[in-house]
Amino acid sequence: MTDMAAVKEAPRLHFNDRIDMIKNKRMFTLVFPLTILLLIVFAFEMATEGQFVKGSVLKGVFDQALIIGTMATAVSFIYTTGNLDISVGSVMGLGAVAGALVYGATASVVLMIAAAVIVCVFLMMFNCTLSVVFHIKTTMVAIVVMQLYNAIISEVVGADTLKVDFKVCKVLETGGFRYGAFLTYFVVCLLVFHYTKIGRQLRFIGGNEKCAEQTGMNPTRATYVSFLMAGIGVGIAGVFTIIRTGSVGNSTGNGMGMDVMLATVLGGMSIFGGAKSNSYSGIIGALTVSALNKGLLMLGVSSTVIQGVRGLIFLLLVFLNSERPATLPSRQQF
């Protein structure tokens, strides 16, 4: 058989096959997110005639990315197990409310931070318990509790805002507290996720829960650990939100669930879990989401259109980079 005949008899690659070949490249999960980030920055720099790269604008992008990145790092533990919780924005908002209330009553920064983190951990563990004990899908739990938490925020805060001393927030913002807190949490997440037994179990459970159970793993315990780690990170993000704005309103945390999911997929990680999950994709994705939001606002795009643009990008990226392997049994989310 000639070489030409062998080429003619070779099966033709379909579009999906070509997409899979690209996605399976070793450097794809790093190059693809960085390329998107650079393209977005370049596009907005050209569209705003250089205004986008001014120091004040970039600082705003980075400050927002710090909050989204912390939450994206946190929920990577949940996404890794194949679960999906979109209520993290409401959880963060309620944690920030608790922190602001405690500060107003005690004027203690330490108690403010502790209150925000403890409340977020409690709420995330409550979400986990509803899912694990009562066998309700985490997505359904998130939809219900998100409405509940938003109602509590509205009832407590009302039409006013809870203020925190501006000078205190300024000291925390410029004194390196945010960077130190984020780096500490990020390093802990990195070590737990990639260098401990529990991290390996989380990835195994997300990839194939049935096989994980048959090898003696306890999915219930691992799920609680994932929600615990997420709760700590969401609480820290709530503290960052208080520091950044100096106040908490009834809209605090709104839309953050979508931003976190978008940051996750923009960072190159699947929201459906599995062996390729990691704890660091959300950082790049958070910078991209923040740059996208800021750039569209500078161009005068309405918030409604921005939501639509983010939704379309999210769907596209889920198609490109967040599929489960066809050979593994899928976890039913809905």
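A patch is made of residues with over 30% relative accessible area and no salt bridge, where like charges are joined within 9 Å and nonpolar side chains (Val, Leu, Ile, Met, Phe, Trp, Tyr) within 5 Å. This is a predicted model, so local features need pLDDT of at least 70 and side-chain atom pairs count only at pLDDT 80 or more, while totals for chains, interfaces and linings use all residues. Residues are numbered from 1 along each chain as its sequence is written, and side-chain values use heavy atoms, with hydrogens and water left out.

**Exercise 1. Find the nonpolar patch on the surface and say which helices supply it.**

Step 1: Pick out Leu 101, Phe 122, Phe 126, Leu 148, Ile 152 and Val 156, which form the patch. Together they have about 520 Å² of accessible area (Shrake-Rupley method, 1.4 Å probe; for residues, only the protein chains shown count as cover).

Step 2: Look for elements that give two or more residues: they are helix 6 (109-133) and helix 7 (138-157). Helices here are DSSP runs of H or I with at least four residues, strands are runs of E with at least two, and both are numbered from the N terminus. Helix 7 gives the most, with three residues.

Step 3: Zoom in on Phe 126, which sits in helix 6. Phe 126 has 32% relative accessibility, so it counts as partly exposed (buried is under 20% relative accessible area, exposed over 50%, partly exposed in between; 1.4 Å probe, protein chains only).

**Exercise 2. Trace the network that links Lys 59, Asp 63, Glu 173 and Arg 178.**

Step 1: Know what to look for. A salt bridge is a side-chain nitrogen of Lys or Arg within 4 Å of a carboxyl oxygen of Asp or Glu. The structure holds three of them.

Step 2: Start with Lys 59 and Asp 63, whose side chains meet at 2.9 Å, N to O. Both lie in helix 4, four residues apart, about one turn of the helix. Lys 59 is partly exposed at 44%, whereas Asp 63 is buried at 6%.

Step 3: Lys 59 also meets Glu 173, at 3.2 Å, N to O. Since Lys 59 lies in helix 4 and Glu 173 in helix 8 (residues 166-174), this pair ties together parts that are 114 residues apart in sequence.

Step 4: Finish with Arg 178 and Asp 63, whose closest N and O atoms are 3.2 Å apart. Arg 178 is in helix 9 (residues 177-195) and Asp 63 in helix 4, so to speak of sequence, 115 residues apart. Arg 178 is buried, with a relative accessible area of 3%.
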